[in-house]
Amino acid sequence: MRVFVHDLTTTLGKELIALFEKTDDEERYQIVGAVSKQSQVAQYTSRLTSGNVATIEEPVVWIADSKKLEEMVKKCDIVIASIIPYLPPPLSFEFRGAKGLEDASNTVIVPTSPPGLKHSALEVLKYLAVGCEQSAEANTDIPRRFIAISSVLSWGNNDAYSKTKDRLFYKEEQFKIRKPNKRYLSLKAIETQILSAKRPGKLDTFVIGAGLIYGGLETQLGLLFKKAWMHPDQDLMVPCVQQTLHGGNRIPSISVFDLAIFTHALACIPIASQSKQYLIAVDTASKRVTLRDVCRGISCALGNGRIRIVDDVLNDRQLSEWMITEDDEQWEPLQLNLCFDVDESQLNMISEENGENNENGIKNGTEFPLMFQIVDSKRWKHMEGGLLGHLTFFVKDFIQQFDLKPTKIIVLGCPQSGKTVLSHKLAFEYHVEQITMGQLVLNLLTLDPAPASMQSIQDQIRTWKETMESEDSTAKHFSDEEWTHLALKALDEGTLVKLVCWKLWSPRCRNHGYVLDGFPGSSALAEALFAADNSRFQLLTEHLTTDLTAENEYPVEEEAIITEEEKLEKVLASLQPMERSSWPNRVLMLHVTRELAVERAQNLSEEIAIHTGNTQLDFEKRWEEFEQKRDSLLHVFETGLTTSSAEADGAQSDAITPVKHVLDQDDERSGIEIFELQLEFPTAYMEEYLYAQPIRQYIEGANPRHNFHPTTTEIQEFKDQKALKKHEEELKIAKLQQEEDERLAEESMQKLAADQRRFEILEREEKELLEARAKPLREYLMDNVLPALTEGVLEIVKNQPADPIDYLAEFLFRKAVEYEEIK
């Protein structure tokens, strides 16, 4: 049979591939499917070609290639499609703005959804239905099967679970009463269309209402894991917007691995046509685990072990900012408060002897969820314990899926080689904490109260610091570098090791990494520092129910009944932090010439030189000690903690107890390729190719470290893209401005030409008007004035009087009288 998987790239898709390839029954399955990116086609084609029993020409298609997708689906017998609202992995978030680059954990995020992936499930169903019609002539007795993976989010507006009222336990037979909120109305509409597409004898359609999925890359609880990982020193806020519940809402959930097992069983087992179409998939622990419990567990594993309940939802600033910066599709599912009728007693129903099974292996006359009827209890991985019962696994899965590799750097070097400046720069660039001895001393003294294991050391350091300040009035104003030198000089090695271990095992260093400045200074200190690093994340119970019901766990009377709440509280109390090895993954050794180091020391003021050990005598002593211990110290990091090299440093301190090192498969304490950088002149620190570039290439080399923070490469790419975008926008604006100027110039020329034409027309019209007005006047003058005036001028010429003007006037007067008499 040929099985089509809607998205092969998801964790669910990968698990389904593995399950179908391992199927032991007589029926063999050919796996085909789609991918969300065209670049993934070749990769998954190779993967499926090696696993399929028969060669398929094109087992993988791009989801956007509708033509190839249609041809593939038409030939399939089983189709598995997901319509769950897509949540992008946290690592795929795009960073926006400079503030987001400085602190990626607070960045506004933009989910990147594959185009049409959810709604293309309906297109796939349509293709399968067409394939059923085209193959009707074959008269096969086995109908084709379409399985849609949906979510219980379509039940979001149903009556909530309440401990004070009658408890509501919904059954999958009640699916017609499900009520989604506005955001998920389309989800219910798609479910309804899929259920209505059933054609008896030809096409069976199923919808699996899955609880919130945990595990894998597409976990719907990833927001909580990310918050605990990114802010381990803060109390994990319980994101409950229902003020009366305070995180007490019960969230139906299921492991992605158990969901794959159920989906695989539903695809393989023959099911009668009258069987249920809508199926619930939630684990049995969901009935008693609340959002507050989940937050407690995650905080214990990845954070400081504490949670914060929001007392005033409307006015809580942190909650408001959190809801604004995070996408609705990440926090809104966490507000569910539903319980479904699933119980541990139903897990073993298939293996029970009571009751008769029908020809399909399903018990007759039962109303148990179908998932417990078709899946043997031994196949479930996390059904009984849920997330909290298998938190060890899911924390490791979270780290593995998102490839979280904290950057742990040790910067070593000779005196005045620039260790502290480099450490500060690296801590800023890689978003980790810089650890100096002076900083540790001051930080420990601010704790009130200090951890029990550090109380005696705190008292010892407080006494020493008070003595220093009483002897030197300027001690209150000492810099970090001065306190570092004084602490290394005054405190014994055992105290120094415990102090650094306390910091390295802190939640932030455990999750994000660190930059350890100038420590350890000898192989004995290095071995002592990392030898104690054997603690691991532990659960006192393997899963939620078996250990909790063990008789020797509870020294109580036989009649006493332990409630589910007490059992859960026992599990929560047993959780321990996820301890990762603090062994470094990068070690830098700075070398400078003695002349350069002396020159740098001489540039210090006398007071600072005294307090930092850079006087001539102290400098010479420190230099000799460094030269003596350098090779053996590097040897520890190059070979790992498998041999003891303390003898190379001479007599071992009594404060350091030799430890036999036991390495396991999770231990990272293997040899490290140390980067040794030689700087020979002062300006080398400012040369990019001699200083910053080689260090960056070493840290981000063949085995780069990953975290939720952007790397320097990603930041540079972001800046380059931003600069390119800005340049393109400037070019676009310049082009638009040029086009606007040209348009205005053209309009101006056109207006000028129009004005010129209009002026010419007006001038012509005025001339014609003047000419038209001048014609009658000319005729009037010719008839009445010019004859007498001409005659008068001729008389003046003839007689040449002394006053011609007066003569002409008298002549014209006489002529006027004559004309008047004639008339």
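This is a predicted model: local features need pLDDT of at least 70, side-chain atom pairs count only at pLDDT 80 or more; totals for chains, interfaces and linings use all residues.
Residues are numbered from 1 along each chain as its sequence is written, and side-chain values use heavy atoms, with hydrogens and water left out.

Let's start with S5, residues 144–151; strands here are DSSP E runs of at least two residues, and helices are H or I runs of at least four, numbered from the N terminus. Eight of its eight residues are buried, so the rest of the structure largely encloses S5. Buried means under 20% relative accessible area with a 1.4 Å probe, protein chains only. One side carries Arg144, Phe146, Ala148 and Ser150, the other Arg145, Ile147, Ile149 and Ser151, and all are buried.

Who are the neighbours? Strands pair if DSSP finds at least two bridges between them. S4, residues 78–82, runs parallel to S5 with five bridges, and Val79 stands opposite Phe146. S6, residues 203–210, is also parallel to S5, over eight bridges; there Asp204 partners Arg145.

Now, Phe146. Together with Phe4, Phe146 touches the most other members of the largest nonpolar core, which has 117 residues. Such a core is a set of buried Ala, Val, Leu, Ile, Met, Phe, Trp, Tyr and Cys residues joined through side-chain atoms within 4.5 Å. Helix H8, residues 256–268, gives the largest share of this core, nine residues.

Thanks, happy to chat!

Note on methods
Buried means under 20% relative accessible area, exposed over 50%, partly exposed in between (1.4 Å probe, protein chains only).
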